[in-house]
Amino acid sequence: MTVRFPIPRTLCLALALATAGLAPALAQDDAAPPAKQQKKLPEAPAKLPRADRTKNLDFLFGALKAAPDEVSAKHVEARIWAIWLQTPSDTAALLMTRAKAAVDAQKIDVAIKLLDSVIKLRPDYIEAWNRRATLYYMQNDYARSLADIREVLTREPRHFGALAGLGMIMQEVGDEKRALEAYRKALAVNPHLEKIPEQVKALTEKVEGRDI
């Protein structure tokens, strides 16, 4: 299942940046202004056994750090998202499709309820947590969004969309130190995120001061 939510105010967990470009769903640009719609990612490959999935992700994250340029990095990033977006069952896939349709129709509460069902059915499916975090973010419900981001990062600490989304929320609530920490972690995983380096530079000057 590869459909992604168009995000008016992107989060990655989540939210979420191919961007962070965020996150697909969770994360991409940042705080209050409306953000550009996320680029559609390629179709997810056929379902992989858990061991193969983990091995593939490990390889791809290594390739992401070593990517020599932005074009190469975006190709690797898209493959990571494709794996994350794989649905664990036909039922989950159907619910995710309906959730996307609800978002397209601006029925956010309906979409959240559908994602509730996915999470209840398959709590190991991190993209359901990530997308619900994004929707909570869009509703300015930062407490619930943060709770879902924590679930994403517990299951996948390298989820750069969720890390970027965490940074955006921390920045919006005025906790610039924790925002900086989250952004740095996102960049450590994916050095090619858009806009996050600028945020890190600005926050570093504010939090740590300029070099003398």
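Here are some notes on this structure, which is a predicted model.

1. Overall layout. The chain has nine helices and zero strands. Reading along the sequence, you get the pattern α-α-α-α-α-α-α-α-α. Of its 212 residues, 53% are buried. The chain exposes about 10,100 Å², and 55% of that comes from carbon and sulfur atoms.

2. Aromatic pairs. Searching the whole structure turns up six aromatic pairs. One of them brings together F61 and W84, whose ring centres are 6.0 Å apart; the planes meet at 50°, so this pair is tilted. F61 sits in helix 1 (residues 50-66) and W84 in helix 2 (residues 70-85), so to speak a link between distant parts of the chain, 23 residues apart. Both partners are out of the solvent: F61 counts as buried because its relative accessibility is 6%, and W84 counts as buried at 0%.

3. F61 lies in helix 1 and F160 in helix 7 (residues 160-172), so the pair ties together parts of the chain that are 99 residues apart in sequence. F160 is buried too, with a relative accessible area of 0%.

4. Helix 7. How many of the 13 residues of helix 7 are buried? The count is 11, so helix 7 is largely enclosed by the rest of the structure. The buried residues are F160, G161, A162, L163, A164, G165, L166, G167, M168, I169 and M170. From its first C-alpha to its last, helix 7 reaches 18 Å, close to the 18 Å expected at 1.5 Å a residue. Just after helix 7 comes G174, which takes a positive phi of about 90°.

5. Helix 7 against helix 8. These two helices pack at an angle of about 165°, and their axes are 8 Å apart. Angles over 145 degrees count as roughly antiparallel, and helix 7 and helix 8 are therefore roughly antiparallel to each other. Their crossing is left-handed.

6. Helix 3 against helix 4. Helix 3 (residues 90-104) packs with helix 4 (residues 108-121) at an angle of about 165°, with 8 Å between the axes. That makes helix 3 roughly antiparallel to helix 4. As for handedness, helix 3 passes helix 4 in a left-handed crossing.

7. Q106. Between helix 3 and helix 4 there is a loop, and Q106 is found in it. Have a look at the backbone here: phi of Q106 is near 60°, a positive value in a residue other than glycine. Is Q106 buried or exposed? Q106 is exposed, with a relative accessible area of 69%.

8. K195. Another positive phi turns up at K195, about 70°, although K195 is not a glycine. K195 is found in the loop between helix 8 (176-189) and helix 9 (196-208). With a relative accessible area of 39%, K195 is partly exposed; the label exposed needs over 50%.

9. A contact across the sequence. A73 is found in helix 2 and is buried, with a relative accessible area of 0%. The C-alpha atoms of A73 and H192 are separated by 6.6 Å, while the two residues are 119 residues apart along the chain.

10. What to look at again. For helix packing, put up helix 3 with helix 4 and helix 7 with helix 8. For the backbone, check the positive phi values at Q106, G174 and K195.

Conventions
Residues numbered from 1 in each chain as written. Predicted model: local features only at pLDDT ≥ 70, side-chain atom pairs only at ≥ 80, totals over all residues. Heavy atoms only, no water. Phe/Tyr/Trp six-rings, centres within 6.5 Å; stacked < 30°, edge-to-face > 60°. Helix = DSSP H or I, 4+ residues; strand = E, 2+ residues; numbered from the N terminus. Buried < 20%, exposed > 50% of the residue type's maximum accessible area, 1.4 Å probe, protein only. Expected span 1.5 Å × (residues − 1). Areas by Shrake-Rupley, 256 points an atom, 1.4 Å probe, with all protein chains shown as cover. Axes fitted to C-alpha atoms, helices over the stretch in contact; angles between N-to-C directions. Parallel < 35°, antiparallel > 145°, perpendicular 65-115°, else oblique. Left-handed = near helix turned anticlockwise from the far one by under 90°.
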